[in-house]
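Please read this briefing alongside the sequence and the three-dimensional model shown below. The points that follow are grouped by topic.

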Amino acid sequence: MTGTASDDLPEALAGIVDDFRAMPERQRLELLLEFSRELPPLPERLATQHDRLEPVAECRSPLYLIVEVDPPATPASPIRLHFDAPAEAPTTRGFAGILHAGLDGLPAADVLAVPEDVPQRLGLASAVSPLRLSGMAGMLFRIKRQVREKAGVPGAR
């Protein structure tokens with residue numbers, strides 16, 4: 001493969017992946033915790049409508065998410081990501097923080113083009129359990145499915 005582990009990712013997400021890959025393993029965990037602390041809180045309007053959020057069953061800790069697509073809801077429309085995860089679940093929150101920082105505000109089509117192997121590209125495989133990486137993959141899967149449905153992408157299920 002030519003290029004880097006991030007040359008096929010949107011710019012913000014590519015920068016995050018590159019930052020992780022450039023660090024020793026111990027510092028990667030610290031960076032993950034930093035993303036955990038930076039995850040924005042769930043907006044009040046959604047906190048009172050928690051049933052609109054989708055649970056991510058692959059996560060070991062309770063995590064819920066919702067994707068909103070800016071009108072007019074086309075593949076070019078920006079998406080907004082919202083997550084709800086407990087403070088005592090820093091790994092789960094960290095993965096949500098990475099996806100928020102890397103994808104929030106991007107056009108729907110760009111989000112749909114993100115490869116499914118992003119969790120593995122972070123270089124955390126020996127630092128966190130495979131189940132935790134599966135949780136991040138589950139988040140990305142649900143984000144992309146909601147984007148397809150809400151942005152009016154043909155073939156959405």
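Where is Pro-72 found? Pro-72 sits in the loop between β2 (64-69) and β3 (79-84), with helices (H or I, at least four residues) and strands (E, at least two) taken as DSSP runs and numbered from the N terminus. This is a predicted model, in which local features need pLDDT of at least 70 and side-chain atom pairs count only at pLDDT 80 or more, while totals for chains, interfaces and linings use all residues. Residues are numbered from 1 along each chain as its sequence is written, and side-chain values use heavy atoms, with hydrogens and water left out.

- Most residues other than glycine have a negative phi, and most peptide bonds are trans.
- The peptide bond from Pro-71 to Pro-72 is cis, its omega being near 15 degrees.
- Ala-73 lies in the loop between β2 and β3, and its phi is near 60 degrees, a positive value in a residue other than glycine.
- Ala-73 counts as partly exposed because its relative accessibility is 29% (buried means under 20% relative accessible area, exposed over 50%, and partly exposed in between, with a 1.4 Å probe and protein chains only).

**Aromatic pair**

- A search of the whole structure finds one aromatic pair, where rings of Phe, Tyr and Trp (its six-membered ring) pair if their centres lie within 6.5 Å, and planes under 30 degrees apart count as stacked, over 60 as edge-to-face and the rest as tilted.
- The pair is stacked, because the rings of Phe-20 and Phe-35 have centres 6.0 Å apart and planes at 25 degrees.
- Phe-20 belongs to helix α1 (residues 11-21) and Phe-35 to helix α2 (residues 25-38), so the pair ties together parts that are 15 residues apart in sequence.
- Both Phe-20 and Phe-35 are buried.

- Not counting residues up to four places away in sequence, Met-139 touches (heavy atoms within 4.5 Å) several residues, including Val-56, Leu-65, Phe-83 and Phe-95.

**His-100**

- His-100 is placed in helix α4 (residues 90-103) and counts as buried because its relative accessibility is 17%.
- Leaving aside neighbours within four places in sequence, His-100 is in contact with Leu-39, Pro-40, Leu-81 and Phe-83.
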